[in-house]
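Subject: Two-chain model, handover and findings

Hello,

Here is the structure I promised you. Please open it next to this email; my notes follow below.

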Amino acid sequence: MTWSLNEIETLSRKAARGAGLSWGLAEEAGKAARWLSAAGLPGPQVLAELLIRNDGADYETLCPLEHSEGHWIATGGTLCPLISGATLCDSAARLASGDDLHLGRTACPVLLLPYLAAAVGMTGTRLTVTWNDVSITLDAETHIGPHDPEALNAAVVDSVHIARAETGELTAPLTPGNRGEMPPETARQLTAFARRTYAPATSESRLSGAGAGLTDND
Amino acid sequence: MEQTQSKTIPPRAPNVVMTLARLGSFHQSRLSFMRILLRRMEAEQWTFERPVFDIDAQGMGRAVYTAHGPERSYSLVAFANDLPPEKRSDRVIATEWDATFTLFDGIPTPADLDRLQDNVPQQEAGRVTESELSISRANRSVRLWDYVVGKLAAGEQPDRTTVEKVGYLMRTTAVYGSGKFGAADREDTAERPEFQAPFQIEMLSVYLTRAFVMDLVEHMARMRAPDTAVPLDPDLRRRFGIGNSTGLGMAPFLLTHPALLNNWIAAREEALARIRSLPAAHMSEVDIFRNFALRARLHMQDWYSEHPVQIARIDALRADTARLLAHLDTAELSADHPWNRLWLWAEDALSLEGQELLASLLMEPYPHLVDGLSACMAADEAATWRIDGAMSTDRLRTLTRDIYRWALDTDWTAPEAQARVWYTSEEKLEPRLGDRHTDPVEPYEQPLCPGRDAARMYGDLTATGETTVAGFLMRHPEHRHIVRRAQIAARLPYAEIRDNTIAATVLPIDMLRMKLAFFGACHFDPRSDRWVRINMYQHAPFPHELGARSGDDWAYPFLTGAAS
């Protein structure tokens, strides 16, 4: 069974909100999971892993702090890629101007890619992001260099470097698809987070919340 | 006609247009999605067939209706059910329906039909694939259904007034598109010319559903009394539309698709502005307009509602159409920007419903100025969705004051200002509207109250020392949602509803009405402040009549009694 990308985005957005992110950040998390799924990467799985990891953590401990020029760290020790990704995207002009950014310890860095792709889309400037032995160049397409697959979907890395891309040969780009895969366990995890956004039904709310109690046999 | 543009009337300001009361007064027009679809199918000479119609005497079985366009074919797959009355509910909490449907991308094989039979009748509880473009269901209008089957079985035609009091034999209670329950995403088909305009998949599905329902009622009469049954008279048959019952599920869509909302309204306002800017009108154009005004009056006479708010509005509309027709008797409409003069007269003389009806009527004589705008009504939300973090907080302050002035002037501490909460119920995962002060739902509030959120954001924005939006949002992630909306509305002036969507006085049906009017619906009949019944495709030619009859000229009743 495959999932429509809209389903993946919607479930991921609700899950991110259920896990405590603000609505704006959750909206972007939904787009991120969708983007990764379309690229053939395990977006929902990585998102579920991250949400479980950060469940209950304070925003203040996860958000980036520029402790020295171009170096971001989290006061809690590990940056959240959904918050850092959104901030990177907000800093698209800075990245395009040629400033390098170094992120300290970061969870699930693959989740940064959709945000950086959006920054590239806004500025037209090609970016390269690297962690461990993984190097990914983003222009209108996504070029992933030779790497260990486990490193690509790493749970935590010590540092991430983002810079304007050097000119040079690129690997073949990913081919975006129009459906997504999601293991049942991931769907269960995300659904459990999403459920936190739903108000428990009461018989009164069932009637009044949706309006009316008129007969439909007319 | 040669046009000399001596003055250009700008489109109406968003602060005028984007109030709930005005949006809730919209009517169908040349830019409605049903009319866009039928114009295209007529122009491209689409053909239709019914390769499967396998329904038993109890009304159980399946049918397939295939529409062939120039490049691709689409099939409505219908499953008919024999539903006990106690299970009949229009609302989303229902689990069984009189009929269920999917629009299949192409022509289904028997194996496809078997797969769909296992899933489509279950609706939300089933699962479809990227071969399916929509999922929908419908319930009978029981009284009219039984009456029509009885009449036809006895060899008689049903009474016209009885038919028109209801206007349809079945009403759809949900039409799900774009990726729902595993169906194909909108993005997969948006590049196809036939689906470029919004909601064409859903409109095609509903158009074929109407044909199925009419075939089914005649079939049931034949099964009951094979010797005496007759089919419906073709003119009377066209008086049946397809109903729809729509609840709160539709309302958030307008807030979650700001670019799309903008493009719908912008196309309509551009059409109105173009027509108001015409320096002169040809006599034939004035005649067409007058003719449509007469037909609109007929339409108002056939519009029934039991809801006190709508009854008052229909009464006002009837008075408006009388006033308009009287004015037309004496008004000089050939020169000196005649339509602008008429518009300015209407702003004082007519109710909001009447003014917005006039906007629709003014488009009728000018297909060459209006119809092309339908190509501008789709939207790529992604193009304006990302936040511009480099924007200065000064600039954001200015934008917020401009777009959300009404909200900054609202006292949000007053209980009535935020009396309502939009939330999602665990039971059906559908939007609901609760009472902030009595229901325990506030922790589950959905971001569907941009005015209140903008006022909160502005409060922090005036206090911040940050100079860029990026810096501001780093400290205030809770404002990320509304900052995005403000930046979108700065570029797309009609993207935001400029009204209080959580006030004690909010009528969610205003939001439903606006969207349904763009679909091309009419006969709005609110059943409460939060759900509404409508009629679609009434008077439209059936698929087998398209080409012999106009695909566009059907949205108002015909003057000659029997449709011509």
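One cut-off first: a residue is called buried if 20 or more other C-beta atoms lie within 10 Å of its own C-beta. Keep in mind that this is a predicted model.

**A buried residue in chain B**

B:Asn139 sits in strand β5 of chain B. Is B:Asn139 buried or exposed? There are 25 other C-beta atoms within 10 Å, so B:Asn139 is buried. B:Ala99 is 40 residues away along the chain. Even so, the C-alpha atoms of B:Asn139 and B:Ala99 are separated by 6.5 Å.

**Chain B overall**

Chain B has 22 helices and 11 strands. Its radius of gyration is 24 Å. The globule rule also gives 24 Å for 564 residues, so chain B is as compact as a globular protein of that length. Along the principal axes, the C-alpha trace spans about 85 × 60 × 45 Å. Of the 564 residues in chain B, 52% are buried. Take the contacts in chain B with a separation of 6 or more: 76% of them are between residues 24 or more positions apart.

**Domains of chain B**

How is chain B divided? Domain 1 covers 44-247 + 541-545, domain 2 covers 258-379 and domain 3 covers 384-491. The centres of domain 1 and domain 2 of chain B, taken over C-alpha atoms, are 32 Å apart. Across this boundary, 6 residues of domain 1 of chain B are in contact with 7 residues of domain 2 of chain B. On the domain 1 side, the touching residues are 3 nonpolar, 1 polar and 2 charged.

**The sheet of chain B**

Chain B has an open sheet of 9 strands with mixed pairing. The strand order is β1-β2-β3-β4-β5-β6-β7-β11-β10. Which strands stand at the edges? They are β1 (47-55) and β10 (522-526) of chain B. Each has a single partner strand, so one side of each is left without a neighbour in the sheet. From one strand to the next, the twist averages 25°.

Inside the sheet, β3 (residues 73-80) and β4 (residues 99-105) of chain B are antiparallel and share 7 bridges. B:Val77 has B:Thr102 in β4(B) as its bridge partner.

Helix α8 (residues 200-224) of chain B lies across several strands, including β1, β5 (132-140) and β11 (532-536) of chain B. Helix α8 of chain B runs at about 145° to β6(B).

**Chain A overall**

Chain A has 10 helices and 12 strands. Its C-alpha atoms fill a box of roughly 70 × 35 × 30 Å along the principal axes. Of its 218 residues, 50% count as buried. Among contacts in chain A with a separation of 6 or more, 68% are between residues 24 or more positions apart.

**Strand β6 of chain A**

What does β6(A) pair with? Strand β7 (residues 134-138) of chain A joins β6(A) through 5 bridges, running antiparallel. There, A:Thr128 is bridged to A:Thr137 in β7(A). The two strands form a hairpin with 2 residues between them. In the turn, A:Asn132 has a positive phi of about 40°.

Strand β10 (residues 160-164) of chain A also pairs with β6(A), over 4 bridges in the antiparallel sense. Here the bridge partner of A:Val129 is A:Ile162 in β10(A).

**Where the chains meet**

How many residues of chain A are in contact with chain B? There are 39, and they meet 53 residues of chain B. Elements of chain A that each supply at least two residues to this side include α1 (5-18), α2 (23-38), α7 (113-123) and β12 (198-199). By class, the chain A side has 19 nonpolar, 12 polar and 8 charged residues.

Strand pairing also crosses between the chains. β12(A) is joined by 2 bridges to strand β8 (residues 420-425) of chain B, and the two run parallel. A:Tyr198 stands opposite B:Thr424 in β8(B).

Best wishes

Technical notes: Residues are numbered from 1 along each chain as its sequence is written. Chains are lettered from A and ligands numbered from 1 in the order in which they are written. This is a predicted model: local features need pLDDT of at least 70, side-chain atom pairs count only at pLDDT 80 or more; totals for chains, interfaces and linings use all residues. Domain bounds come from an automatic or database domain assignment. Two residues are in contact if their C-beta atoms, placed from the backbone, lie within 7 Å. Ala, Val, Leu, Ile, Met, Phe, Trp, Tyr, Cys and Pro count as nonpolar, Asp, Glu, Lys and Arg as charged, and the others, Gly among them, as polar. Two strands pair if DSSP finds at least two bridges between them. The radius of gyration is taken over C-alpha atoms; the globule rule is 2.2 Å times the number of residues to the power 0.38. A residue is buried if 20 or more other C-beta atoms lie within 10 Å of its own, exposed if 12 or fewer, and partly exposed in between; C-beta atoms are placed from the backbone. Axes are lines fitted to C-alpha atoms, for helices over the stretch in contact, and angles run from 0 to 180 degrees between N-to-C directions.
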